Amino acid sequence: MIVHNQGIYTQRMLSLPLLQNIADLSTSTRLPKIILAKYNHDNSRYYHHILMQKKTGGTRPIDSPNVELKAIQKWILRNLLVRLKPSPYAQGFALGKSISDNAKPHVGKQYVLSLDLKDFFGTIKASHVFSVFNSVGYSKKMSYLLTSICTLGGYLPQGAPTSPALSNLVCIKLDYRIGRYCENKALTYTRYADDICISGNKLSVIKKAWETIKKIIIDEGYTVNKKKELLSGPKSSRKVTGLVVTPELGIGREKYNYYRKRIFIEFKKNPIESDSVISGILSFVKSVDTKRHKKLSSYYHNLIMKTPSML
């Protein structure tokens, strides 16, 4: 009885839905118990497995839930997961956060270390997801049901709307272990999904941190993608989640030239139909680099002015 009351108190304190059993979930979601119950075990038949092409080459496996299961997952995301805060080091999949927020803390640093967590979602076990639900006051039965709805084959599926938020909540311990170590060494740490970034001004300190942080990552059950380990310094371009962080935050010259060429190609293909694509490019650049946005906007405007049919 005491444990039961503590669970309800925790849920109320965190403004979470009061869920003690499948009947409560049925009432809250307005879905029949028979529908919810069918997702309480093996859900593999309710997912569509596809391979998505990566921009950098290769493929990424995506497991997309059916319409019904996705609707239940979205309810859990909106009513439960968004009310639980990730660590302050998590910048990806966090409300109001962007790649700019992830890059800003590293602006002006002499050295930038980038690490990548291999098969990020596939590494996060159902037992870790269960612990998230159980730790915020849900009973073991309720936590098991919520976990079953949000996992596939014992892991987080890449393609479920709940997976990004759950990955951040599972990574809280990892974030604090790395974050506190870095703070003690005058280093800066942020994580954007599976991208880990550490920056500082002393090469010896960051080199030592490199090995220590990899040990923490392995200890927490993750694997470092050796192909994506990168330490950049004063003689090279320092980037964080694709943005240049020296001497100031922006897209950098290389990306600027790429977007300028892309605008030219899209415009020449079809000046009218290309407007939405080019507007998307300009909108993104504006969100991360106002100076180069002005230059690209001016370039696009000049292309329009030089095309008689557009006037």
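Buried means under 20% relative accessible area and exposed over 50%, with partly exposed in between (1.4 Å probe, protein chains only). This is a predicted model: local features need pLDDT of at least 70, side-chain atom pairs count only at pLDDT 80 or more, and totals for chains, interfaces and linings use all residues. Residues are numbered from 1 along each chain as its sequence is written, and side-chain values use heavy atoms, leaving out hydrogens and water.

**Helix α12**

Helices (H or I, at least four residues) and strands (E, at least two) are DSSP runs, numbered from the N terminus. The buried residues of α12 are G252, Y256, Y259, I263, E266 and F267. They cover an arc of only 100° around the axis, which puts them on the same side of α12. That arc is taken from the directions from the helix axis to the C-beta atoms. The face turned away carries exposed R253, E254, K261, K268 and K269. Cover for the buried residues of α12 includes β8 (243–244), α13 and α14. Contact means heavy atoms within 4.5 Å.

**Helix pairs**

Axes are lines fitted to C-alpha atoms, for helices over the stretch in contact; angles run from 0 to 180 degrees between N-to-C directions.

| Pair | Angle | Axis distance |
|---|---|---|
| α13 (275–288) and α14 (290–305) | about 155° | 7 Å |
| α7 (126–135) and α9 (163–170) | about 80° | 10 Å |

Angles under 35 degrees count as roughly parallel, over 145 as roughly antiparallel, 65 to 115 as roughly perpendicular and the rest as oblique. α7 and α9 are therefore roughly perpendicular to each other. H128, V129, V132 and F133 of α7 meet L166, L169 and V170 of α9 in the contact.
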